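Please take a moment to look over the structure shown below before reading on.

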Amino acid sequence: MSRRAIAYLMLLAAGLAAPFFIYPVLVMKVLCFALFACAFNLLLGYTGLLSFGHAAFFGAAAYVAGHAIKVWGLPTELGLLAGTIAAGALGWAVGSLAIRRTGIYFAMVTLALAQMIYFFFLEASFTGGEDGLQGVPRGALLGFIDLSNDLNLYYFVLAIFVFAFWLIYRTIHSPFGQILKAIRENEPRAISLGYDVAKYKLLAFVLSAALAGLAGATKMLVFKFATLTDAHWHLSGEVVLMTILGGMGTVFGPLVGSSVIVVLQNELADKVGSLVTVIMGSIFVICVLLFRRGIVGEIIAFYKRMLGQKA
Amino acid sequence: MTEIFGIPIQALMGQLMLGLVSGSFYAMLSLGLAVIFGMLNIINFAHGALYMMGAFLAWMGLEYLGIGYWPSLALAPLAVGVFGVVIERSMLQWLYKLDHLYGLLLTFGLALVIEGLFTNMYGVSGQPYTIPEELSGAFNLGFMFLPKYRAWVIVASLAVCFLTWFVIEKTRLGAYLRAATENPKLTQAFGINVPLMVMLTYGFGAALAGFAGVLAAPAIQVSSLMGSNLIIVVFAVVVIGGMGSILGSILTGLGLGVIEGLTKVFYPEASSTVVFIIMAIVLMIRPAGLFGKEK
């Protein structure tokens, strides 16, 4: 067995054992945000597109899944699926507009469109406005596994995460992923090689939005509610921070980054109150100025230097 | 009473004026963004936070030091400008050789820090700032009442915008600035201190945002969130107008303010989203923006 496979198996074992040592809801929250950040990384890290509106997909899926489960009475799995599909569709709409511009304009367009979606949620009746959509039942998986039990839900969430992580890993390492990287590195050259760059960008955007939606829907299921916070631009910024802190363009970076941020927020929330934003902002500034490779990126770079010296 | 499309003319004109007022703010802020972008190639996400800072400094000046509106109108932008210079020297200058996105991310972090600090000190609820005596009351124009302060905001911001345009397009300093935007290395080779100009440009952009903040203080309540709510709309304005021309930024800002005001009269539900909808339409028809050049 390769060293890489052993590392993955150890991580999986840690994931399976985690709820016996740490409060399961916290681990589930980490997993949801890790999935969100991984989905985001697919776009920023591997396609080179900075979307500043990813919370819109996260929030939209949370609302749609919550509405489908609570009001339409759909089974939990179908509710999550509905949320994911809705986020993907929204991603297609936003993406096809946003890819008309590049670079910072792309970031501004996605931010603005996400703000529009936010205002829509604020005023639409099915979202419950400022109160949010509350009291969504978790239901039962396949009709007989009771998800109101935190431990049952935990393994369901872990399964979702592992599936999505595998999907992202496969995408990155597929020929499609290679083309995305080519676009990131040199877009004119990718065009001159005959690739329909716009189509690839849009596909990456839709995939990223749908998976961000899956994360949002799952998070809604864990906490049994969806609120405007899930769609606010603050969250769009947070997912950027998680990805950069962990290391954009690395497979594990988003996982590390989101764990750090979620645990930090969890620890700090009742101690420093609104200063959390200041701390998040400071981490942002420090990352951009000093650790642009992120935690995982720096470790990889360090490892490579060590190997280089030995050889 | 006279009516246009079933709307009393007084209400219509009133909203039109409000639209022009918010358009003035869009114009000043998008102008600052465009000037900074031209020189630094950075989209200044902290612009909204600097605007909020300007308003708060004016409010704090009055509250703690008894500094009135008129001195604040000069002092607060100056302070924000100095703050901008400090940011540029200590942080932004290290990012010029990197991808433009890093500038956006850094200023986003800064915006969070500034906003978080003010939220921590003053909460999120608004602090009232009274309109100075000279500008309270209203003009009676016969067909409508025009609050003096609103008229002043429009006049003052147009004056500042015009002055900026004049300095950049018509003076020697502006010529240096445009040369440095076009080709910094060559300009430096002619003996012009480009890094100094870059620093001053950011300081000026920040001061402009601070000035807009002081102007806004009596018109709306001073709150720590006033900037971030505005900056996203201003981003949409910038995408619609494109950052190629100064006059373009000013016109787009004013025009969108008016459209927003009119939407409040005819279809209030869409008033918070109309700018974004226009942005989507512009992206479909003319992706480079109304006054933009495709690079």
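At what angle do helix α5 and helix α8 of chain B pack, and how far apart are their axes? In this predicted model, helix α5 of chain B, which covers residues 148-170, packs against helix α8 of chain B, residues 194-219, at an angle of about 170°, and their axes are 10 Å apart. Angles over 145 degrees count as roughly antiparallel, and α5(B) and α8(B) are therefore roughly antiparallel to each other.

The residues that meet between these two helices can be picked out by name. From α5(B) come B:Y149, B:W152, B:V153, B:A156, B:S157, B:V160 and B:T164, and they meet B:F204, B:L208, B:F211, B:V214, B:L215, B:P218 and B:A219 of α8(B). Sorted by kind, the residues of this contact between α5(B) and α8(B) are 12 nonpolar and 2 polar, with no charged residue among them.

We can now turn to the contact between the two chains, where 36 residues of chain A are in contact with 43 residues of chain B. Together, chain A and chain B bury about 3,700 Å² between them, and 80% of this area lies on carbon and sulfur atoms. On the side of chain A, the residues A:I104, A:M108 and A:W233 supply 17% of the area that this chain buries against chain B, which is more than any other three residues supply.

The lining residues of the largest cavity divide into 8 nonpolar and 2 polar, and none is charged.

Note on methods: Residues numbered from 1 in each chain as written. Chains lettered and ligands numbered in written order. Predicted model: local features only at pLDDT ≥ 70, side-chain atom pairs only at ≥ 80, totals over all residues. Heavy atoms only, no water. Nonpolar A, V, L, I, M, F, W, Y, C, P; charged D, E, K, R; others polar. Axes fitted to C-alpha atoms, helices over the stretch in contact; angles between N-to-C directions. Helix = DSSP H or I, 4+ residues; strand = E, 2+ residues; numbered from the N terminus. Parallel < 35°, antiparallel > 145°, perpendicular 65-115°, else oblique. Contact = heavy atoms within 4.5 Å. Buried area = accessible area lost by both parts, 1.4 Å probe.
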